[in-house]
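Here is a brisk report on one protein model.

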Amino acid sequence: EQTDFSYYKVVLRTNTAGTKIYGIYDDGVVYYPWPWRVNGVDMEIGPWDCDEGGAMTPEECCSKIQQDVSYPDDNGNYIACFVEEPVGGPH
């Protein structure tokens, strides 16, 4: 994590259109792979189910994650989202 300058970004994998969260296992669940360090203590955050009530948009899912992790880490970074469409997506 410390060598990755964008470590504080959680990847939101979408459908091909980029409109709904599918997750890495196509189940709508989003995972964050590293510990979130607060006050010198490593905490596990996530996973988040972004398929509750139907597949969420990237904006809805990111909002859910940011509400859950609403505090900065020891580097002063807040959790952020990076939208990743599969190959063939519009972006």
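Contact here means heavy atoms within 4.5 Å. The model is a predicted one.

D73 sits in the loop between α1 (58-68) and β6 (80-84). Setting aside neighbours within four places in sequence, D73 is in contact with Y7, W36, R37 and V38.

Does D73 count as buried or exposed, and which side chain of opposite charge is nearest? D73 is buried and has no salt bridge. The nearest side chain of opposite charge is that of R37, 8.4 Å away. A salt bridge needs a Lys or Arg side-chain nitrogen within 4 Å of a carboxyl oxygen of Asp or Glu. A polar atom of the D73 side chain does lie 2.9 Å from the backbone nitrogen of N75.

## Three salt bridges

Side chains of opposite charge can pair when their charged atoms come close. How many salt bridges does the structure hold? There are three.

One of the salt bridges joins D26 and R13, with the closest N and O atoms 3.5 Å apart. This pair links distant parts of the chain: D26 belongs to the loop between β1 and β2, R13 to strand β1, and 13 residues separate them. D26 has a relative accessible area of 55%, so D26 is exposed. R13 is at 23% relative accessibility and therefore counts as partly exposed.

E52 and K64 also meet through their side chains, with an N to O distance of 2.0 Å in the salt bridge. This pair, too, links distant parts of the chain. E52 is in the loop between β5 (48-49) and α1, while K64 is in helix α1, 12 residues apart. E52 counts as partly exposed because its relative accessibility is 47%. K64 has a relative accessible area of 22%, so K64 is partly exposed.

## R37 and its partner

R37 has a salt bridge with D42. The N to O distance is 2.6 Å. R37 is partly exposed because its relative accessible area is 34%. D42, at 42%, is therefore partly exposed. R37 is also in contact with D73, but D73 has no salt bridge.

## Backbone geometry

Most residues other than glycine have a negative phi, and most peptide bonds are trans. Which residues depart from this? D26 is not a glycine, yet its phi is positive, about 55°. D26 lies in the loop between β1 and β2. N39 has a positive phi as well, near 55°, and is not a glycine. N39 is in the loop between β3 and β4. With a relative accessible area of 71%, N39 is exposed, because exposed means over 50%.

What kind of peptide bond joins G46 and P47? The bond is cis, with omega about -5°. P47 is in the loop between β4 (41-43) and β5. G46 can also be placed relative to P35: the two are 11 residues apart along the chain, and their C-alpha atoms are separated by 10.0 Å. P35 is in the loop between β2 and β3 (36-38). P35 has a relative accessible area of 30%, so P35 is partly exposed.

## Two sites between β1 and β2

Where is I24? I24 lies in the loop between β1 (9-13) and β2 (29-30). I24 counts as exposed because its relative accessibility is 53%. Together with Y25 and Y31, I24 forms a nonpolar patch on the surface. The accessible area of these residues together is about 350 Å².

N15 is also placed in the loop between β1 and β2. Is N15 buried or exposed? At 11% relative accessibility, N15 counts as buried, because buried means under 20%. Leaving out residues up to four places away in sequence, N15 touches K20, Y22, E85 and P86. N15 and Q66 are 51 residues apart in sequence, and 21 Å apart in space, C-alpha to C-alpha.

Technical notes. Residues are numbered from 1 along each chain as its sequence is written. This is a predicted model: local features need pLDDT of at least 70, side-chain atom pairs count only at pLDDT 80 or more; totals for chains, interfaces and linings use all residues. Side-chain values use heavy atoms; hydrogens and water are left out. Patches are made of residues with over 30% relative accessible area and no salt bridge: like charges are joined within 9 Å, nonpolar side chains (Val, Leu, Ile, Met, Phe, Trp, Tyr) within 5 Å. Accessible areas come from the Shrake-Rupley method with a 1.4 Å probe; for residues, only the protein chains shown count as cover. Helices (H or I, at least four residues) and strands (E, at least two) are DSSP runs, numbered from the N terminus. Buried means under 20% relative accessible area, exposed over 50%, partly exposed in between (1.4 Å probe, protein chains only). Lys and Arg count as positive and Asp and Glu as negative; His and the chain ends are not counted. A polar contact is a pair of N or O atoms within 3.5 Å; within protein, one must be able to donate a hydrogen and the other to accept it, and residues adjacent in sequence count only if both atoms are side-chain atoms.
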